[in-house]
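Welcome, and thanks for opening the viewer.

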Amino acid sequence: MEGPGIVAGDLADAGFARDVIAGADAVVHLAGQADPSTPWAGLRGPNADVTVNVLDAAAAAGVRRVVLASSLHAMAGHVDAGRVFVPEELPPYACCPYGAAKVLGEQLARCYADVWGLSTVCLRLGGVAERPFGASWRGGWLSPGDLNRLVGAALAADVRFGVYHGISANTPRVYGCTLPGYHPADDSASFADLPDDLTPPSEDRPRWGIAHRS
């Protein structure tokens, strides 16, 4: 990718992370392995080591705020266990190794906030798409417009550290969201023709409790 203000590189290189973050007021870190079926071997580098590189560089540069992409997979085990509403104050309950890696990222962010004073906000993003792909997306859908509003609120919120669910104003309301200043405008209920892709959880195929595509 090329263009004005765009610097291409690999955040797995700690030196590149330091160079690209130097002088920044805020960092929005959305990079990583986003496939929830990825085993740990494919998650450790992009979703753990790279997160540390970004936090290290931001702390060294005196960045005002870091916004990290977490995932509803960090909490979806609650839904798979039968909960119909999951507020943010519940303890994490990952539904898969991908979700567990996101919990690790949240805990790293808390450490950097507590020990190094780096203000961090973690956003447990739902399924981001122009429209939900199926009925399983209703509770965890996040529209592109609401994603923009979510990140804007995360950058402006008067908090030192926080973890918030990133969802649209969906009906049914499965995940609570208390991020100050975030006012979602879209609702998955506006899509009446979604295919029924919900299947009973099983030992071989858990339902994940969020936007999980069959």
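**First stop: a tryptophan**

Select W137: this residue is buried, at 7% relative accessible area (buried means under 20%, exposed over 50%, partly exposed in between, with a 1.4 Å probe and protein chains only). Before moving on, note that this is a predicted model, where local features need pLDDT of at least 70 and side-chain atom pairs count only at pLDDT 80 or more, while totals for chains, interfaces and linings use all residues. Residues are numbered from 1 along each chain as its sequence is written, and side-chain values use heavy atoms, with hydrogens and water left out.

**Next stop: helix 4**

Select residues 97-116, which make up helix 4, and find Y112 and W116, 4 residues apart in it (helices are DSSP runs of H or I with at least four residues, strands runs of E with at least two, numbered from the N terminus). Their rings form a tilted pair, 4.7 Å centre to centre with 35° between the planes. Which of the two is buried, at 7% relative accessible area? Y112 is, whereas W116 is exposed at 54%.

Show the 4 strands of the open, parallel sheet, ordered 1-2-3-6 (strands pair if DSSP finds at least two bridges between them). At its edges are strand 1 (26-29) and strand 6 (161-166).

Notes: Rings of Phe, Tyr and Trp (its six-membered ring) pair if their centres lie within 6.5 Å; planes under 30 degrees apart count as stacked, over 60 as edge-to-face and the rest as tilted.
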